[in-house]
Amino acid sequence: MRGARSARATTDYEAATGRIAGLPLRRHHVLLVAWTALWFLLVEPSGGFSWHYLRQGEELLFSGQPDGGLSLYAHHPELQIGPVSLAVARLFDPFPAHTGQVLAEAAMSGLGLVMLVLVGRTAAWYYLGTGTNHRRLQQRLLIAGLAFIPMWVEVSVRFAHLDDVLALFFTTLAAHALSRGKATQVGVHLALAVDSKPWALAFAPLILALPRPAWLRTALWFAGLVAVAWLPFYLGNLDTVAAAKFTIPNQPASALRWFGVTDPATPWWDRPTQFALGLALGCIAVRRGRWPGVVLLGADARILLDPSVYTYYTASILLGTLLWDAVGQKRLVPWWSWIALAALYGGTLLIPSDPARGLVRLAFVVVSAGYVLLWPTRRARRPRGGGGEDGGAAGGRAARRRERTLVGAAP
């Protein structure tokens, strides 16, 4: 009798977590791995478009050349890559150039799968105690992941932008730590994101989603680690300040053109405004109890005001929609992930007119930001008392213990 109960409990656990025949594999993970491998094989032959910047940067950073070391950014402002990214790129230096590039692309693709798992667990922790249906969450994650992976391969393989990859990966870790109430980890991971790519500063409002007593400690960890990574370059060569003024062409398909900005290159006010808008939108989202929308809003600010329209920018949008679809909402179909993929990536491929593509980018930003900030949403509430569906405190505690077990394994 006891053996039958144990077998039934095992079957129920595997059904709830989606495990395959007792293996530590889940069905949606297998499908996402296969989907990633397919896109990797399709894109890799033409991949690594920007990998040479990472190789050049890490060689200069760790060299004794006059234009390297702490003078790197002063002499090479075009290398808008954080020191953490250059240090990680160093790991692939011992390999032959092409082998190192392919290994880096594979590692970055794998991080995308890790991020999908982290987002699933972030959602599970966020809804802990609300009777989360983990199978439904897995289905939502699978559907959103099918949209996320093509854009992730765009940034990780086609362009091989390790800096953007790490910035988004550390931001995902910060969101996961936030859902678990790990204040110090939130500050550390957000700092590492900024130390990988400066534009990740737009995600700093996630700190404000923590309980108020944790704000100061988290902010100090964040500011301290950002200073440790960047201050040596500014103190080592004061001309490093000029790197912040580096400009890129203002492309005809940018949303910036719809504001009447026809400057041939980045206007002087553009980057500060981009950061300020992202931070402001993120703070409003947190104040309205919608911190899962912070990443989407920060990415919205980037593509709204950036003079360039590289497709790898859309990876940050897709991470934002993934967090919003999985954590910010409980709908089975993650509409925003697919809307973003169709509008921003599909629009790039299918719309021939540059101004029309710019209008689509502008429309997506306005509609998605308005939805996140203004559309009524209802967060499922945790039970207030000790009881639950089982009736009584003991039953409620047992149900919560079981859900914590599922949270640690299901997504």
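In which helix does Gly 278 lie? In this predicted model, Gly 278 belongs to helix α11, which spans residues 270-287. Gly 278 has a relative accessible area of 0% and is therefore classed as buried, the cut-off for that class being under 20%. When neighbours within four places in sequence are left aside, the residues in contact with Gly 278 are Ala 202, Gly 298 and Ala 301.

The largest nonpolar core of the model comprises 113 residues. Within this core, the most contacts are made by Phe 148, Trp 291 and Ile 317. In soluble globular proteins, nonpolar side chains tend to be buried together.

A further feature is the packing of two helices, α7 (residues 134-158) and α14 (residues 335-350), whose axes come within 8 Å and cross at roughly 35°. The crossing of α7 past α14 is left-handed. On the α7 side, the contact is formed by Ile 143, Ala 144, Leu 146, Ala 147, Met 151 and Glu 154; the residues that they meet in α14 are Ser 337, Trp 338, Leu 341 and Tyr 345. By residue class, this contact between α7 and α14 contains eight nonpolar residues, one polar residue and one charged residue.

Terms used
Residues are numbered from 1 along each chain as its sequence is written. This is a predicted model: local features need pLDDT of at least 70, side-chain atom pairs count only at pLDDT 80 or more; totals for chains, interfaces and linings use all residues. Side-chain values use heavy atoms; hydrogens and water are left out. A nonpolar core is a set of buried Ala, Val, Leu, Ile, Met, Phe, Trp, Tyr and Cys residues joined through side-chain atoms within 4.5 Å. Buried means under 20% relative accessible area, exposed over 50%, partly exposed in between (1.4 Å probe, protein chains only). Axes are lines fitted to C-alpha atoms, for helices over the stretch in contact, and angles run from 0 to 180 degrees between N-to-C directions. Helices (H or I, at least four residues) and strands (E, at least two) are DSSP runs, numbered from the N terminus. A crossing is left-handed if the near helix is turned anticlockwise from the far one by less than a right angle, and right-handed if clockwise. Contact means heavy atoms within 4.5 Å. Ala, Val, Leu, Ile, Met, Phe, Trp, Tyr, Cys and Pro count as nonpolar, Asp, Glu, Lys and Arg as charged, and the others, Gly among them, as polar.
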